[in-house]
Structure formats: structure tokens, C-alpha cells
Amino acid sequence: MNIATLRDKYSGRIFLIGSGPSLKETPLEVLQDEYTFAANSIPDIFSETDWRPSFYACVDDGVDTRYCEEAIELGIPCFFPEKTTRGTALIESVPTKDNTLFFENVDLRDRADLDISTFQLNSDSITSYHDVWSEDITEVVYGYNTIMYQMMQISHYMGFDEIYLVGNDLYDVFDGYLLFPEAADPAVFQGNGDSTLQNGIEFLQDSEHPLKSLCNAVAYKTIKSNVFSKLYPRLSNHIEFIDQDNYFSEDYSDGEIITPEKNRRHILAHELAKSVSDELGFNIYNATVGGHLEVYPRTDITSVVEDGE
């Protein structure tokens, strides 16, 4: 098996399965006879359902390779970057079998020729979807903030023209650093300066409450520090407002504190995917149970499957 043989091999719809907590409320058995594409630690849910994915992907070197190995053993096409964004060579750490497929991954955030702060088609730096979307994944797959972005490119390459997202909740964010909610939020601020100092000055100048905004910024920097990150797993067990339910499996989280900034980045990726899908004429829907992602039209998997029979 090689990637080129998968080009336009399929048609119709595919369900992309995320790792959100809504998977615990999702009737995955309904998708048993559907094409489904899952990622990362999805094998953790296999003990609770007979459903298994048709395709698998992992692009993050923070994911335990035992999940990759378990997916490979299913015999389904499994997609991995030759190197992750952080430079880890997954091609050397996951088993190489006939169904193990490697691609070149280029993170759009590393492209000096693109302005990622306002990622929209037809902006000054993005004149065509070709700049941000691969139609030939034998050459490259572009990454941007969420593995769903790569999975959508792969799905489109394989011929699917209806993509349904499941378990894409976005995050239950932590905003305890906002000591003064009426002041500016440093987690979502996008500065135009060339340095941290310049961005800091701009952050305060743009605020109607500069002193309170400064307090928010200091608190934000504190919770993003390495010291606080190490304390967070213990604190979350004792302080209810810090607790976050962001994944279907308790074993999935690595203790990361999710702030609104991460949701904003994910939304940017989905907005870009929506722009590309409009340009290329394929459809993306959100079939997640609940959640906060409102970029795409909403539906539910039961209705989709029943209406398509």
C-alpha cells in the first residue's frame, strides 16, 4: 500500500473522529458501516465499543506510540508525518508495515511567506488555497493547530466530498488568570510588535484598564510558567475551578492548562478549512454532540446515517 493508490479511491462521506469528551455521549456503533478517520489515543475507547476506524493518523510526538501500534495492528491505513513539528522522526519510532503511510508535514506556522495572524483566503499573503491546502499529499500535507486540518486534506485527497466532524468539542478553557474580567485578556491578544516588550506596550495601550490588564498579564504569565504547570495536576484535584474536562479519556491529558488562546487557534484552523472547502466545492459539517465549535453547519450522526440509507 502507498499513498498514491488512495487518490480518489473513495467517494461520498467520511466521519473524522476527534478526542473530545463528547465521544462518551456519542453512539459510535452507528458508524460501524461508515468510513471513519480517527487519531491519536482513540484506541483508549476500543474497550467500550465494537466500532473501529477505517483510517488512523497521528502527527504529535507527545502521543504514546502504543496507540499508533494498536491502530496499525487493525490493518487499516495509518498516516504519520516523516517528522513532527518538533522534529521527531516518527518514521523511526512506529512500526513500518504495509499499512503504515508516511507523508511530509509542513506546519503553516513555519512558513515565513504567510501571515498567520489573519489567516483567510484572498488576504495579502494568501492568494490561493494552494498556499495553505495540499491537493497532492504524496508531496506535502500542511499542518495548522489541529490534526483535523491534516486529516481533512487526506480525506479530500482520497475522494471524500462530505466530511463530518465528531468529537470536536473545542476546549473547556481555564480563565482563572482573569483577575479583572472587564480588562484585556492576554491569552487572546495579538500584537504587531517585533518583540515581547513592544507587544506588551501595545497590549496596555489598547486597553481601557491598563493597570488591571497588567495584573491579568502577570497572572497569565504565572499560570503558563513551568513551575505552575508542574503544580497544576495536584491543584486540579483539589481546586474545582481549575479542573478541565477536555478529552474522552482521563489518560489523554498531559496536565496542560488550556486557555482561550488554544481554542482561538483551533477556530482559525477550522475557519481556514471552511474557506478552502467553499473554494473547492466540498462540504464540512459538525456532527459533534454539543461542544463549542460553530464554524460549520450542525447535524448529528444518527440523522446523517439514517437519511443516507
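This is a predicted model: local features need pLDDT of at least 70, side-chain atom pairs count only at pLDDT 80 or more; totals for chains, interfaces and linings use all residues.
**View 1. Arg 13 and Glu 34, a salt bridge between distant parts of the chain.** The side chains of these two residues pair up with an N to O distance of 2.7 Å. Arg 13 sits in strand S1 (residues 13-17), while Glu 34 comes from the loop between S1 and strand S2 (36-39). That puts the partners 21 residues apart. Buried or exposed, what are the two ends? Arg 13 has a relative accessible area of 18% and Glu 34 comes in at 14%; both count as buried because the cut-off is under 20%.

**View 2. Asp 64 and Arg 66 in a salt bridge.** Here the closest N and O atoms are 3.3 Å apart. Asp 64 is partly exposed, at 38% relative accessibility. Arg 66 is partly exposed too, with a relative accessible area of 41%.

**View 3. Glu 73 and Lys 97, a salt bridge from loop to loop.** The N to O distance for this pair is 2.5 Å. Glu 73 belongs to the loop between helix H1 (65-72) and strand S4 (78-81), and Lys 97 to the loop between S4 and strand S5 (100-103), so the contact ties together parts of the chain that are 24 residues apart in sequence. As for solvent, Glu 73 is exposed at 56% relative accessible area, whereas Lys 97 counts as partly exposed at 39%.

**Putting the views in context.** How many salt bridges does the structure hold? There are eight, among them the Arg 13 to Glu 34, Asp 64 to Arg 66 and Glu 73 to Lys 97 pairs shown here.

Key. Residues are numbered from 1 along each chain as its sequence is written. Side-chain values use heavy atoms; hydrogens and water are left out. A salt bridge is a side-chain nitrogen of Lys or Arg within 4 Å of a carboxyl oxygen of Asp or Glu. Helices (H or I, at least four residues) and strands (E, at least two) are DSSP runs, numbered from the N terminus. Buried means under 20% relative accessible area, exposed over 50%, partly exposed in between (1.4 Å probe, protein chains only).
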